[in-house]
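Please keep the sequence and the structure in view while reading.

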Amino acid sequence: MTKRIFLTGANRGLGLALAAELIEAGHEVYGSARESAPTDLLALDPAGIVQLDQADEASVDAGIAALAELTPTLDVLINCAGADARAFGSPEDRRGPFDLDGETFTNVLRVNVTGPMLITRAALPLLQRGVDAMIINISSQLGSMEVAATSGRDTAYCVSKAALNNYSVKAAGALRDEEIGVVMVHPGWVQTDMGGERAPMTVDESSAALASLVEKLTLADTGRFVRWDGTDHPW
Ligand SMILES: NC(=O)c1ccc[n+]([C@@H]2O[C@H](COP(=O)([O-])OP(=O)(O)OC[C@H]3O[C@@H](n4cnc5c(N)ncnc54)[C@H](OP(=O)(O)O)[C@@H]3O)[C@@H](O)[C@H]2O)c1
């Protein structure tokens with residue numbers, strides 16, 4: 001069945017590849033980007049594009065208002081956009097628990113936690129009119145307490161994904177009676193600008209798995225933290 005899907009960070013990396021997969025599968029895909037003319041996303045000819053910087057509350061509200069002009073309902077929201085401390089100037093090897101300045105730490109949390117919260121809040125009326133509505137928050141294995149205890153160089157990023165998971169669990173509980181699902185997904189360690197060349201998974205492998213997952217998730221999955229293939233990820 002064709003789904004109306006809104007995906008953030010659709011201009012590059014995993015978001016762009018996932019948008020391509022979902023369009024290819026016949027879904028009605030709306031994507032957001034910070035830039036006004038995201039060339040690679042435009043080339044996919046999605047149902048719509050909105051401009052949105054999720055670090056900025058007014059920009060989120062304006063972006064989702066523009067989305068509501070394009071579509072009255074949404075079946076799936078995918079919060080895919082994200083950033084780590086390198087996006088705010090931190091050197092590769094200066095991201096440990098005692099390295100980061102407060103502004104950088106807060107900036108990462110603003111993009112990865114506050115952003116999805118603001119987008120979810122603003123898009124909720126659209127999802128409430130959707131069919132089998134589902135919110136998919138792209139998390140990370142580094143948001144897992146078990147994994148973060150021994151790996152993950154970027155403390156702000158790890159903390160932000162753990163906080164996104166906590167937010168997602170709370171949203172799942174609050175939306176259960178409305179039959180709107182909320183699921184957290186680790187997409188794999190993937191060869192994007194963020195994941196780097198050493199990552200074992202290609203963008204195509206991850207995005208194909210995620211696109212198939214989008215079609216499989218149901219309300220029975222709400223509150224779960226899963227890998228790209230739908231298996232449970234440890235907390
Ligand atoms: N790659 C991995 O190995 C991996 C592993 C686990 C989880 N993830 C998660 O997967 C998601 C996608 O990551 P990726 O690997 O595709 O990263 P990426 O290639 O670095 O792309 C990041 C995306 O997020 C957008 N973004 C950053 N800050 C933003 C803001 N303030 N407002 C709106 N959009 C913003 C970027 O837009 P601009 O072009 O404007 O910067 C870009 O579209 C992220 O949530 C990431 O944490 C990735």
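## Helix packing and selected residues

Once its neighbours within four places in sequence are left aside, Asp40 is in contact with Asn11, Arg12 and Leu16. The model in which this is seen is a predicted one. Asp40 itself belongs to helix 2, and Asp40 and Leu16, although 24 residues apart in sequence, have C-alpha atoms that are 7.6 Å apart in space. With 14 other C-beta atoms within 10 Å, Asp40 is partly exposed.

A contrasting pair is formed by Ser36 and Gly173, which are 137 residues apart in sequence and 35 Å apart in space, C-alpha to C-alpha. Ser36 is placed in the loop between strand 2 and helix 2, and Ser36 counts as exposed, because 7 C-beta neighbours lie inside 10 Å and the limit for an exposed residue is 12 or fewer.

### Helix 3 and what covers it

Helix 3 takes in residues 57-70, which makes 14 residues, and from its first C-alpha to its last it reaches 20 Å, close to the 20 Å expected at 1.5 Å a residue. Which residues of helix 3 are buried? They are Val60, Gly63, Ile64 and Leu67. These residues cover an arc of only 95° around the axis, which means that they are on the same side of helix 3.

| Helix pair | Angle between axes | Axis distance |
|---|---|---|
| Helix 4 and helix 6 | about 20° | 9 Å |
| Helix 1 and helix 7 | about 55° | 9 Å |

Helix 4 and helix 6 (residues 155-175) pack at an angle of about 20°, and that makes helix 4 roughly parallel to helix 6. On the side of helix 4, the residues in this contact include Thr104, Phe105, Val108 and Leu109, while those of helix 6 include Ala156, Tyr157, Ser160 and Lys161. Helix 1 and helix 7, by comparison, are oblique to each other. As for handedness, the crossing is right-handed where helix 3 passes helix 4, right-handed for helix 4 and helix 6, and right-handed for helix 1 and helix 7.

### Helix 7

Helix 7, with residues 203-216, has 14 residues and reaches 20 Å from its first C-alpha to its last, close to the 20 Å expected at 1.5 Å a residue. Its buried residues are Val203, Ser206, Ser207, Ala209, Leu210, Ala211 and Val214, and the buried residues of helix 7 pack against helix 1 (13-24), strand 4 (76-79), strand 5 and strand 6 (181-186). The contact between helix 1 and helix 7 is made on one side by Leu14, Ala17, Leu18, Glu21 and Leu22 of helix 1, and on the other by residues of helix 7 that include Val203, Ser206, Ser207 and Leu210.

### Two residues with positive phi

Where does Asp45 lie? Asp45 is found in the loop between helix 2 (39-43) and strand 3, and its phi is near 55°, a positive value in a residue other than glycine. Asp45 is exposed, with 9 other C-beta atoms within 10 Å.

Asp132 lies in the loop between helix 4 and strand 5 (134-138). Phi of Asp132 is near 45°, again a positive value in a residue other than glycine, and with 14 C-beta neighbours inside 10 Å Asp132 counts as partly exposed.

Terms used
Residues are numbered from 1 along each chain as its sequence is written. This is a predicted model: local features need pLDDT of at least 70, side-chain atom pairs count only at pLDDT 80 or more; totals for chains, interfaces and linings use all residues. Helices (H or I, at least four residues) and strands (E, at least two) are DSSP runs, numbered from the N terminus. The expected span of a helix is 1.5 Å times one less than its number of residues. A residue is buried if 20 or more other C-beta atoms lie within 10 Å of its own, exposed if 12 or fewer, and partly exposed in between; C-beta atoms are placed from the backbone. The arc is that of the directions from the helix axis to the C-beta atoms. A crossing is left-handed if the near helix is turned anticlockwise from the far one by less than a right angle, and right-handed if clockwise. Two residues are in contact if their C-beta atoms, placed from the backbone, lie within 7 Å. Axes are lines fitted to C-alpha atoms, for helices over the stretch in contact, and angles run from 0 to 180 degrees between N-to-C directions. Angles under 35 degrees count as roughly parallel, over 145 as roughly antiparallel, 65 to 115 as roughly perpendicular and the rest as oblique.
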